[in-house]
Amino acid sequence: MNENNEDGRISITFTRKNKSSICLHRGTVVELGEENSFQFLINMWKHTLALRVSHPGDKDAFDIVWDEENSCYHVFSQAFVERIYKLCVWDNSYSYRVGGKVMHYKNEKLLVFDLGDSNKIDREE
């Protein structure tokens, strides 16, 4: 696996506010080619999450929705977000932002996020 240096533009935010969601910040989506469907791959032992491009209809694919008000793309999945919060032992009353880095595996580009290196943020942020 080849690693590139971390890029501050690549980040995701998890929240339990209203609908449980994952906010993919614009730089994150741009890095993967502005596709509309992604898969999340979890390594439970290393507490890492990888994001890769998929196609609508692929197994475990999530479609993203643009949120004009917050200027980010959302993935809505209560079960998935709940699973991440339990894995990371996060407080449900906060959101968490995680920076990522680009990695290449075989001929595939992945964005990898170390969930253990999260920043707790206020829900309104």
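Analyst: Start at the turn. The hairpin of strand 9 and strand 10 has 2 residues between its strands, and Lys 106 there takes a positive phi near 55°. Strands (E, at least two residues) and helices (H or I, at least four) are DSSP runs, numbered from the N terminus. Two strands pair if DSSP finds at least two bridges between them.

This is a predicted model: local features need pLDDT of at least 70, side-chain atom pairs count only at pLDDT 80 or more, and totals for chains, interfaces and linings use all residues. Residues are numbered from 1 along each chain as its sequence is written, and side-chain values use heavy atoms, without hydrogens or water.

Now follow the hairpin's strands. Strand 9 and strand 10 are antiparallel and share 10 bridges. In this pairing His 104 stands opposite Lys 109 of strand 10. Strand 9 also pairs with strand 2, again antiparallel, through 4 bridges. Here Phe 14 faces Tyr 96 of strand 9.

A nonpolar core is a set of buried Ala, Val, Leu, Ile, Met, Phe, Trp, Tyr and Cys residues joined through side-chain atoms within 4.5 Å. Buried means under 20% relative accessible area, exposed over 50%, and partly exposed in between (1.4 Å probe, protein chains only). The largest such core has 28 residues, and Phe 14, Ile 22, Leu 24, Phe 40, Trp 90 and Leu 115 have the most contacts inside it. Strand 9 (95-105) and strand 10 (108-121) each supply at least two residues of this core, as do other elements including strand 2, strand 3 and strand 4. Helix 2 gives the largest share, 6 residues.

Leu 24 shows the packing. Contact means heavy atoms within 4.5 Å. Beyond its neighbours within four places in sequence, Leu 24 is in contact with residues including Ile 12, Phe 38, Phe 40, Leu 51 and Cys 72.

Cys 72 has a partner. It forms a disulfide (cysteine sulfur atoms within 2.5 Å) with Cys 23, S to S 2.1 Å. Cys 23 lies in strand 3 and Cys 72 in strand 8, so the pair ties together parts that are 49 residues apart in sequence. Cys 23 is buried at 8% relative accessible area. Cys 72 is buried too, at 1%. Cys 88 is in no disulfide; the nearest cysteine sulfur, that of Cys 23, is 17 Å away. A search of the whole structure finds 1 disulfide.

Leu 41 and Leu 110 are 69 residues apart in sequence, yet 9.8 Å apart in space, C-alpha to C-alpha. Leu 41 is partly exposed, at 33%. Leaving aside neighbours within four places, Leu 41 touches Thr 48, Leu 49, Ala 50 and Arg 52.

Last, confidence. pLDDT is the predictor's confidence in each residue, from 0 to 100. The chain averages 84, and 90% of the residues score at least 70. Strand 1 (residues 2-3) is lowest, at a mean of 42, and helix 2 (residues 78-88) is highest, at 94. Over residues 1-7 pLDDT stays under 50. Where pLDDT is low, the predicted coordinates should not be read in detail.
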